[in-house]
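Trainee: I would like to learn how to read the features of a model like this one. Where do we start?

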Amino acid sequence: QVQLQESGGGAVQTGGSLRLSCDYSGLDPLRRVSSYCMAWFRQTPEKEREGVASIGRDGRTVYLDSVKGRFTISRDTAANAVYLQMNAVTPDDTAIYYCAVSGTPQCFQMSRNFYNSWGQGTQVTVSS
């Protein structure tokens, strides 16, 4: 089911910036209030889906080592949205980015197995 919608993807040059948005207004109210984390994952033909950044209901954030200092995850509860600000991007950041939500306390491990709701993804392509 489509409960989360990503947007903001596109083509950008190395060193540029991009801001991804995730609209989770379609998420069931129960799921929304019981969720522990919102997160961004990414996937390429060469790599399995990996967690990029997550944010808990308490504001705690966790990042993939390779994006620390470059990416920032944030949320706007009133707007039912979560964002991923991507700065100083590199070709290694090229992937389909997915928004996800978890109702499991272990969600900060950013394993896809702990996330039960997903968006359809938005493509990010970084050229050299």
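Mentor: With the disulfides, and with the term itself. A disulfide is counted here as a pair of cysteine sulfur atoms within 2.5 Å. Keep in mind that this is a predicted model.

Trainee: What kind of bond is a disulfide in general?

Mentor: A disulfide is a covalent bond that joins the sulfur atoms of two cysteines. In this structure there are two disulfides.

Trainee: Which handedness does the disulfide of Cys37 and Cys107 have, left or right?

Mentor: The torsion about the S-S bond of Cys37 and Cys107 is about 50°, so this disulfide is right-handed. The sulfur atoms of Cys37 and Cys107 are 2.0 Å apart. Cys37 sits in strand E4 and Cys107 in the loop between E9 and E10, so the link spans distant parts of the chain, 70 residues apart. Cys37 and Cys107 are both buried.

Trainee: What is the torsion for Cys22 and Cys99?

Mentor: About -85° around the S-S bond, so the disulfide of Cys22 and Cys99 is left-handed. Cys22 belongs to strand E3 (residues 18-23) and Cys99 to strand E9 (residues 95-102), so this pair ties together parts 77 residues apart in sequence. The two sulfur atoms are 2.1 Å apart, and both Cys22 and Cys99 are buried.

Trainee: What pattern do the disulfides follow along the chain?

Mentor: Counting bonded cysteines along the chain, the pattern is 1-3, 2-4.

Trainee: Next, the nonpolar core. Which residues of the largest one touch the most other members?

Mentor: A core of this kind is a set of buried nonpolar residues joined through side-chain atoms within 4.5 Å. The largest core has 26 residues, and Trp40, Leu84, Met86 and Tyr97 touch the most other members. Each of E3, E4, E5, strand E7 (71-76), strand E8 (81-86), E9 and strand E11 (122-127) supplies at least two residues of this core. The largest share, four residues, comes from E9.

Trainee: Which residues is Leu84 in contact with, leaving aside neighbours within four places in sequence?

Mentor: Leu84 is in contact with Leu18, Arg19, Leu20, Trp40, Val52, Ala53, Phe71, Thr72, Ile73 and Tyr97. A second, separate core has eight residues, including Cys107, Phe108, Met110 and Tyr115.

Trainee: Is Ser35 buried or exposed?

Mentor: Ser35 is buried, at 12% relative accessibility. Ser35 is in the loop between H1 and E4. Beyond residues up to four places away in sequence, Ser35 touches Arg57, Val101, Ser102 and Gly103.

Trainee: How many residues line the second largest pocket?

Mentor: The second largest pocket is lined by 15 residues, and Arg42, Lys47, Glu50, Asp92 and Asp93 lie nearest its centre. The lining divides into two nonpolar, five polar and eight charged residues. The space in this pocket is about 170 Å³.

Trainee: One last residue. Where does Ser117 lie?

Mentor: Ser117 lies in strand E10 (residues 117-118). Ser117 counts as buried, at 3% relative accessibility. Among its contacts beyond four places in sequence are Gln3, Leu27, Arg31 and Cys99.

Key: Residues are numbered from 1 along each chain as its sequence is written. This is a predicted model: local features need pLDDT of at least 70, side-chain atom pairs count only at pLDDT 80 or more; totals for chains, interfaces and linings use all residues. Side-chain values use heavy atoms; hydrogens and water are left out. On a 1 Å grid over the protein atoms alone, a cavity is a set of points where a 1.4 Å probe fits but cannot get out, and a pocket is an open set with protein on both sides within 12 Å along at least five of seven lines; lining residues have an atom within 4 Å of a point. Grid points are joined across faces, edges and corners, and a volume is the space filled by probe spheres set on the points. Ala, Val, Leu, Ile, Met, Phe, Trp, Tyr, Cys and Pro count as nonpolar, Asp, Glu, Lys and Arg as charged, and the others, Gly among them, as polar. Buried means under 20% relative accessible area, exposed over 50%, partly exposed in between (1.4 Å probe, protein chains only). Contact means heavy atoms within 4.5 Å.
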